[in-house]
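Dear colleague,

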Amino acid sequence: MNLSVKIGSLTLKNPVMTASGTFGYGEEYSEFIDLDRLGAIVVKGLSVVPREGNPTPRVVETPSGMLNAIGLQNIGIEAFLRDKLPFLRRFSTPVIANFFGDSVEEYVSAAEQLSGAEGVHALEMNISCPNKQAGWIVFGTDPKAMEQVVRAVRKATTLPLIVKLSPNVTSIGRMAKVAEESGADAVSIMNTITGMVIDVKRRIPVLANCTGGLSGPAIRPIAVRMVWEAYKCISIPIIGMGGIMNAQDALEFLIAGARAVAVGTANFVNPSATVEVIEGIGHYLLDEEIPDINDLIGSLKMVPRMQS
Amino acid sequence: MPRYCNAVVDEHGFVSRHFKLLRLRPLSEMQEPKAGQFYMLQAGATSDPLLKRPFSLFKREDGTLSFLYRIRGKGTQSLARFRQGDSIRVIGPLGNRYPVPQGDFIAVAGGIGIASLLSLLEGYPGRAHLFHGARSAEELVMGEEVKRVAKEVIIATDDGSAGMRGVVTDLLAVRLGMTTEPLLPIYACGPTPMLRELHRVVADKEVRCHVSLEEHMACGVGACLGCVVKTTSGYRRVCKEGPVFDMKELAW
């Protein structure tokens, strides 16, 4: 049975990776699971300059989900390469460095710094950040801004480049197409959905940042739909994510057209969720007598429904 | 040693109107906890509530883990419905520990904060001067156990139904003000307003003060960065660098 998939020039031993921001730099979960079993490790988002992050409260639970506004707290690329990457190099699992910036120049220098490092196998751009040089418009919600930043980063790296799309757009298919045409090797679908929770007693937003990103099983049907829509529009691989808690959930994404999947919030609930998803996908392929996972990807059947 | 396992509910009952005691028997061997450490407990049987909830270890005996909690929000309301024989997923022990007290010490507990401090008191019987504050007498749970292990117990309640009427930090301030000898180290756990008041009380004093903080957290293992607290050296994770912090490090 083959579980191996390709994302651009990168070969994964199985299609299950971690979602950025839910797995630290790998160390935190290395005592719970064998990191060698993962398809890839996507690390917490990095920037050239370290970020302190938002004031608290930063997280709040919502029905079957959670809202977070961590504020991209991170140690910076320099400290990551020096203090965190050596640990990850001990494993055979490829490392995908998630990164962001608040200007095109910052994205480019982040990509350049990460590309030169031994042990970084691919880059994932978080484009759900505002551009401080262009009226704080969020790169990932404006096709022009996105095209500009993806093209610039494409020139700055030869590593496989994954663009993590924002769901806070009208047409995910169009944004995926823009990413493809701008030189992305793959897209991640999707980032969190912007949400808000209000404390009615005090009449204040629960999060200090007012709004946050919604994740968890609550958003899964939206994510599956977005993967399915994008799959019809582009030919580069899609990495599907959004509320995957178990293998069944992951399979929905694969059938909808995702070449790989990422497990995010589930890590918080169940530190061995990724490994359970990998095992569950294997069992499904055996049961369904599918020898190669690539035969499952995008195999959604559109059948006419009998009307009674 | 695994820190993630299944546990069976051994016993689960009310100790007073709002407080329950949950005793779990882990199904596999787990690391030995230290006083001050906590566990993440599955709070429900479905995806709602989704996240595990952090609870200080209250007692470790005969291979079981006991947790004392107050039914307050959605998570604890859901947790309270688990019955004897049910299975609960547990991550732990997590976080750092209370530093080992050298000699006598002062413990300041606010409400359910006693759950975290009692394991420290039991480890060093007859050495703690406990300042125990609560809303009312009904909330002074574990009174007998506390008396058994503490050197002295000073009580304050908001409504005056037990001990002095008022806040326990006021009583502590009076005690510290009267003391002419070097001050005993302080260990505190309770609601944030109490700890902030304690911060003010000890601000101008030569005293080591270790506080166990409570924060909303998603993962408990240092990954989500949701439970941070502002310290003099930036944000630190309550679940990883804490929950016990030196009061002087907190940027309050």
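Ser188(A) is buried, with a relative accessible area of 0%; buried means under 20% relative accessible area, exposed over 50%, and partly exposed in between (1.4 Å probe, protein chains only). Please note that this is a predicted model, in which local features need pLDDT of at least 70 and side-chain atom pairs count only at pLDDT 80 or more, while totals for chains, interfaces and linings use all residues. Residues are numbered from 1 along each chain as its sequence is written, chains are lettered from A and ligands numbered from 1 in the order in which they are written, and side-chain values use heavy atoms, with hydrogens and water left out.

Ser188(A) belongs to strand S12 of chain A; helices (H or I, at least four residues) and strands (E, at least two) are DSSP runs, numbered from the N terminus. The side chain of Ser188(A) is joined to that of Glu124(A) by a polar contact of 2.6 Å. A polar contact is a pair of N or O atoms within 3.5 Å; within protein, one must be able to donate a hydrogen and the other to accept it, and residues adjacent in sequence count only if both atoms are side-chain atoms. Leaving aside neighbours within four places in sequence, Ser188(A) is in contact (heavy atoms within 4.5 Å) with residues including Ile162(A), Val163(A), Ile239(A) and Met241(A).

**The strands around S11(A)**

Strand S11 (residues 161–164) of chain A is covered on both faces: Leu161(A) and Val163(A) on one side, and Ile162(A) and Lys164(A) on the other, are all buried. S11(A) pairs in the parallel sense with strand S12 (residues 186–189) of chain A over three bridges, where two strands pair if DSSP finds at least two bridges between them. Val163(A) stands opposite Val187(A) in S12(A). Strand S8 (residues 122–126) of chain A also pairs with S11(A) in the parallel sense, over four bridges, and Asn126(A) stands opposite Lys164(A).

**Between chain A and chain B**

The contact takes 33 residues from chain A and 27 residues from chain B. The area buried between the two chains is about 2400 Å², of which carbon and sulfur atoms give 58%; buried area is the accessible area (1.4 Å probe) that two parts lose on being put together, summed over both. In chain A, Glu61(A), Phe268(A) and Val269(A) lose the most area to chain B. Glu61(A) also meets Arg53(B) in a side-chain salt bridge (2.7 Å, N to O), that is, a side-chain nitrogen of Lys or Arg within 4 Å of a carboxyl oxygen of Asp or Glu. The count between the chains is five salt bridges.
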